[in-house]
Amino acid sequence: MEPMDIVGKSKEDASLPKATMTKIIKEMLPPDVRVARDAQDLLIECCVEFINLVSSESNEVCNREEKRTIAPEHVLKALEVLGFGEYIEEVYSAYEQHKLETMDSLKGGKWSNGAEMTEEEAVAEQQRMFAEARARMNGGAIPPKQPDTDRSLES
């Protein structure tokens with residue numbers, strides 16, 4: 001019987017996207033250096049094994065602290081335990097940069113285009129979208145979007 005990981009797949013099923021890994025490998029080398037396909041595959045397997053090793057040790061650190069969720073501190077401690085202490089500062093710096101980038105993207109929001117709406121504008125847009133959805137559900141035509149005019153000027 002094969003060793004199984006937590007999600008029920010064998011370790012042989014775990015891999016990294018080949019195109020992404022190839023791009024990373026090429027970016028790290030001078031432009032005149034070529035890498036044989038077998039060497040690329042070996043590097044990818046090494047990365048997978050490294051991730052498995054750090055994940056496993058992070059889990060052990062987490063369990064020793066009687067926690068149920070692996071936190072960044074657990075990963076940093078695992079790197080130290082595994083003898084990769086010289087990389088902790090660089091890894092922590094990359095983690096901090098990732099947090100900043102993630103916060104920036106969350107602030108912008110998935111649908112944000114940089115323009116903020118007032119609450120009234122948001123409610124009006126929501127009502128317009130509801131009306132469109134109702135019309136589609138009832139098989140009717142979608143009413144055209146009303147121009148933003150000031151109704152108090154109409155007689």
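Among the contacts in the protein between residues at least 6 apart in sequence, 27% join residues at least 24 apart. The model from which this value is computed is a predicted one, and its average pLDDT is 81, with 74% of the residues scoring at least 70. Over residues 1-8, by contrast, pLDDT stays under 50, and for this stretch the model has 6 contacts beyond four places in sequence.

The secondary structure comes to 5 helices and 0 strands, so that, by the assignment of helices and strands as DSSP runs, the order of elements from the N terminus on reads α-α-α-α-α. Of the 155 residues of the protein, 13% count as buried. The accessible surface of the protein comes to about 13,400 Å², and carbon and sulfur atoms supply 56% of that area.

When neighbours within four places in sequence are left aside, the residues in contact with Gln40 are Thr22, Ile25, Lys26 and Val35. Cys47 is likewise found in helix 2, but this residue is partly exposed, its relative accessible area being 28%. Beyond its neighbours within four places in sequence, Cys47 is in contact with Leu16 and Met21. The C-alpha atom of Cys47 is separated by 8.8 Å from that of Ser15, a residue that stands 32 residues apart from Cys47 along the chain.

Helix 3 has four residues that are listed as buried, namely His74, Leu76, Ala78 and Leu79. A salt bridge joins the side chains of Glu80 and Lys77, with a separation of 3.7 Å from N to O. Both of these residues lie in helix 3 (residues 72-81), where they are 3 residues apart, or about one turn of the helix. An α-helix has 3.6 residues a turn, so residues three or four places apart point the same way. After helix 3 comes Gly83, whose phi is positive, with a value near 90°.

In helix 5, which comprises the 19 residues 119-137, the distance from the first C-alpha to the last reaches 27 Å, close to the 27 Å expected at 1.5 Å a residue. Helix 5 is followed by Gly139, and the phi of this glycine is also positive, near 80°.

The count of salt bridges in the model comes to 7. Side chains of opposite charge can pair when their charged atoms come close. Within helix 5, the side chains of Glu125 and Arg128 meet in a salt bridge of 2.4 Å, N to O, the two residues being 3 residues apart and thus about one turn of the helix from each other. The side chain of Arg128 also meets that of Glu132 in a salt bridge, here at 2.2 Å, N to O. Glu132 and Arg128 are separated by about one helical turn because they are 4 residues apart in helix 5. Through these pairings, Glu125, Arg128 and Glu132 are linked in a network of salt bridges.

Key:
Residues numbered from 1 in each chain as written. Heavy atoms only, no water. Expected span 1.5 Å × (residues − 1). Contact = heavy atoms within 4.5 Å. Salt bridge = Lys/Arg side-chain N within 4 Å of Asp/Glu carboxyl O. pLDDT = per-residue confidence, 0-100. Buried < 20%, exposed > 50% of the residue type's maximum accessible area, 1.4 Å probe, protein only. Areas by Shrake-Rupley, 256 points an atom, 1.4 Å probe, with all protein chains shown as cover.
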